[in-house]
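Please keep the sequence and coordinates open while reading.

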Amino acid sequence: MVELNSIVPDFSLMSSDEKEHKLSDYKGKKVVLYFYPRDNTPGCSTEACDFRDNHSNFIDNNVVILGVSRDSLKSHNKFIEKLNLPFVLLSDEKEEVCNLFNVIKEKNMYGKKVMGIERSTFIIDENGVLVKEYRKVKVKEHINTILNDLNIL
């Protein structure tokens, strides 16, 4: 499991652009890696739109946004098209990166206990070091917290 202030092991996942993306591809840039439960759900759509609406601020400050869920690439592509997202979404159907960041948690859905992604965001610096983590994220105002912490606002 990744720890704060340590180097994040290189990982690779397939993305919505049908390419394999490795963390090491982004060396020299900051990475906002956000994990979300599911495409096309209200909270996940709001979060994705918040990142979309602030995308130019991130790009202008050498920051890459990568979204991760367990959804398929087909699902990601529909989600991107529907919301006009300008960043890639990574598919972690085998939960490898989810487990690396320890975001798979027991949840209670309609009285049943299920395992799912706990909404979480991580900031990785230009050298691949995990410098900030946000767990149990509440979507409202989360984007402003990230922008503030990256000194973008």
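Is strand E3 (residues 30-35) mostly covered or mostly uncovered? Strand E3 is mostly covered, since five of its six residues are buried, where buried means under 20% relative accessible area, exposed over 50% and partly exposed in between, with a 1.4 Å probe and protein chains only. The model is predicted, so local features need pLDDT of at least 70 and side-chain atom pairs count only at pLDDT 80 or more, whereas totals for chains, interfaces and linings use all residues. Residues are numbered from 1 along each chain as its sequence is written, and side-chain values use heavy atoms, with hydrogens and water left out.

**Overall fold**

- The protein has five helices and nine strands, these being DSSP runs numbered from the N terminus, with at least four residues for helices (H or I) and at least two for strands (E).
- From the N terminus on, the order of elements is β-β-β-α-α-β-α-β-α-β-β-β-β-α.
- The radius of gyration is 14 Å, close to the 15 Å that the globule rule gives for 153 residues, so the protein is as compact as a globular protein of that length; the radius is taken over C-alpha atoms, and the rule is 2.2 Å times the number of residues to the power 0.38.
- The C-alpha trace spans about 45 × 30 × 30 Å along its principal axes, and 48% of the 153 residues count as buried.
- Among contacts (heavy atoms within 4.5 Å) between residues at least 6 apart in sequence, 61% join residues at least 24 apart.

**Strand E3 and its partners**

- Strand E3 runs parallel to strand E4 (residues 63-69), to which six bridges join it, and two strands pair if DSSP finds at least two bridges between them.
- Strand E3 is also joined by five bridges to strand E8 (residues 120-124), and these two run antiparallel.
- Val-31 has Val-64 as its bridge partner in E4, while Val-32 has Ile-123 as its bridge partner in E8.

**Helix H1**

- The 12 residues of helix H1 (residues 42-53) should span 16 Å at 1.5 Å a residue, and the end C-alpha atoms are 16 Å apart, which agrees; the expected span is 1.5 Å times one less than the number of residues.
- Cys-44, Ser-45, Glu-47, Ala-48, Cys-49 and Phe-51 of H1 are buried, and the elements that cover the buried residues of this helix include E3, E4, E8 and helix H5 (142-149).

- Thr-121, in strand E8, is buried with a relative accessible area of 0%, and its contacts beyond four places in sequence include Val-32, Glu-47 and Ile-146.
- The side chains of Thr-121 and His-142 are joined by a polar contact of 2.9 Å, a term for a pair of N or O atoms within 3.5 Å in which, within protein, one must be able to donate a hydrogen and the other to accept it, and residues adjacent in sequence count only if both atoms are side-chain atoms.
- Ile-117, in strand E7 (residues 112-117), is buried with a relative accessible area of 1%; Ile-117 and Tyr-36 are 81 residues apart in sequence but 6.3 Å apart in space, C-alpha to C-alpha.

**Aromatic rings**

- Rings of Phe, Tyr and Trp (its six-membered ring) pair if their centres lie within 6.5 Å, with planes under 30 degrees apart counted as stacked, over 60 as edge-to-face and the rest as tilted; the count comes to 10 aromatic pairs.
- Phe-35 and Phe-101 form a tilted pair, 5.5 Å centre to centre with 45 degrees between the planes, and both residues are buried.
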